Amino acid sequence: MHDQVIDATGASGPSCPACGTPEGAAASRAPLLRVPLPVADDLATVAQARAAIDGLDAALAVLLERRAAVAALVQRLKPVGGFAGRNPGREREIVDAMAEHAPSLGRDHLTKIMNAVIEAGLDAADR
Ligand SMILES: C=C(O[C@@H]1C=C(C(=O)O)C=C[C@H]1O)C(=O)O
C-alpha cells in the first residue's frame, strides 16, 4: 500500500488539499477522506482482490455522493442548469485533469466513466 497525496485543486496558494477550500474558517468544517490504495500486484487471491475492491468502492460512493451534491449546487447557481446547461468544454477539462491522475485508464475510458457520473449527477439534481 502506498500513500498518494493528490492536490485536487491545482490552485496556487494555501488551500485544503481535500476540497480546494482556501485556508480559513470554512476549511475547518470540511471532513477529510483517507483511504488505503491497494496495489494489484500485492493481491494474490480473489478474496483479497474483492476486499480491496470493496474498500475502494466504499470510498468511491462517498466521493460520488459529495460530487453529486456539489454538481447540483452548480446547477442552481449557473444561469441555465440541468441537462439544458450541459457544458462539453468543461467536461473535457475535467477529463483532461483526471487523465493526469489516471494515466493507465486514459482519456477514452475516463470520458465514458465521467459521462456516466455527470449524467447521473444531473439526473439526481433534477429530482
Ligand atoms: C457542474 C456543471 O454542470 C454540468 C455538470 C458537470 C459535472 O458534473 O461536472 C460539468 C459540466 C456541466 O455539464 C458545470 O457547468 O460546471
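Colleague: In which helix of this predicted model is confidence highest, and in which is it lowest?
Modeller: The model is predicted, and the mean confidence is lowest in α3, at 96. The highest mean, 98, belongs to α2.

Colleague: What is the mean pLDDT of the protein, and what percentage of its residues reach 70 or more?
Modeller: Where pLDDT is low, the predicted coordinates should not be read in detail. The mean pLDDT of the protein is 87. The residues that reach 70 or more make up 78%.

Colleague: What ipTM does the predictor give the complex?
Modeller: The predictor gives two values for the complex. The pTM is 0.83, and the ipTM is 0.99.

Colleague: In what order do the elements of the protein run from the N terminus?
Modeller: The protein has three helices and zero strands. From the N terminus on, the order is α-α-α.

Colleague: Which element gives the largest share of the shell around the ligand?
Modeller: The elements that give two or more residues to this shell are α1 (46-77), α2 (88-101) and α3 (106-126). Residues around the ligand include Arg-90, Glu-91 and Ile-94. The largest share is three residues, and it comes from α2.

Colleague: How many residues of the shell around the ligand are charged?
Modeller: Among the residues surrounding the ligand are Lys-78, Arg-86 and Asn-87. The shell has four nonpolar and two polar residues. Its charged residues number four.

Colleague: What distance separates the end C-alpha atoms of α2, and what should the helix span?
Modeller: α2 has 14 residues, and at 1.5 Å a residue these should span 20 Å. The expected span agrees with the distance between the end C-alpha atoms, which is 20 Å.

Colleague: How many residues of α2 are buried?
Modeller: A residue counts as buried if 20 or more other C-beta atoms lie within 10 Å of its own. In the protein, 2% of the 127 residues are buried. α2 is hardly covered, and its count of buried residues is zero.

Colleague: Is Val-117 buried, partly exposed or exposed?
Modeller: Val-117 is in helix α3. The cut-offs are 20 or more other C-beta atoms within 10 Å for buried and 12 or fewer for exposed. Val-117 has 18, so the residue is partly exposed.

Colleague: How far apart in space are Val-117 and Arg-67?
Modeller: In sequence, Val-117 and Arg-67 are 50 residues apart. Their separation in space, C-alpha to C-alpha, is 9.0 Å.

Definitions and conventions. Residues numbered from 1 in each chain as written. Predicted model: local features only at pLDDT ≥ 70, side-chain atom pairs only at ≥ 80, totals over all residues. Near = placed C-beta within 6 Å. Helix = DSSP H or I, 4+ residues; strand = E, 2+ residues; numbered from the N terminus. Nonpolar A, V, L, I, M, F, W, Y, C, P; charged D, E, K, R; others polar. Expected span 1.5 Å × (residues − 1). pLDDT = per-residue confidence, 0-100.
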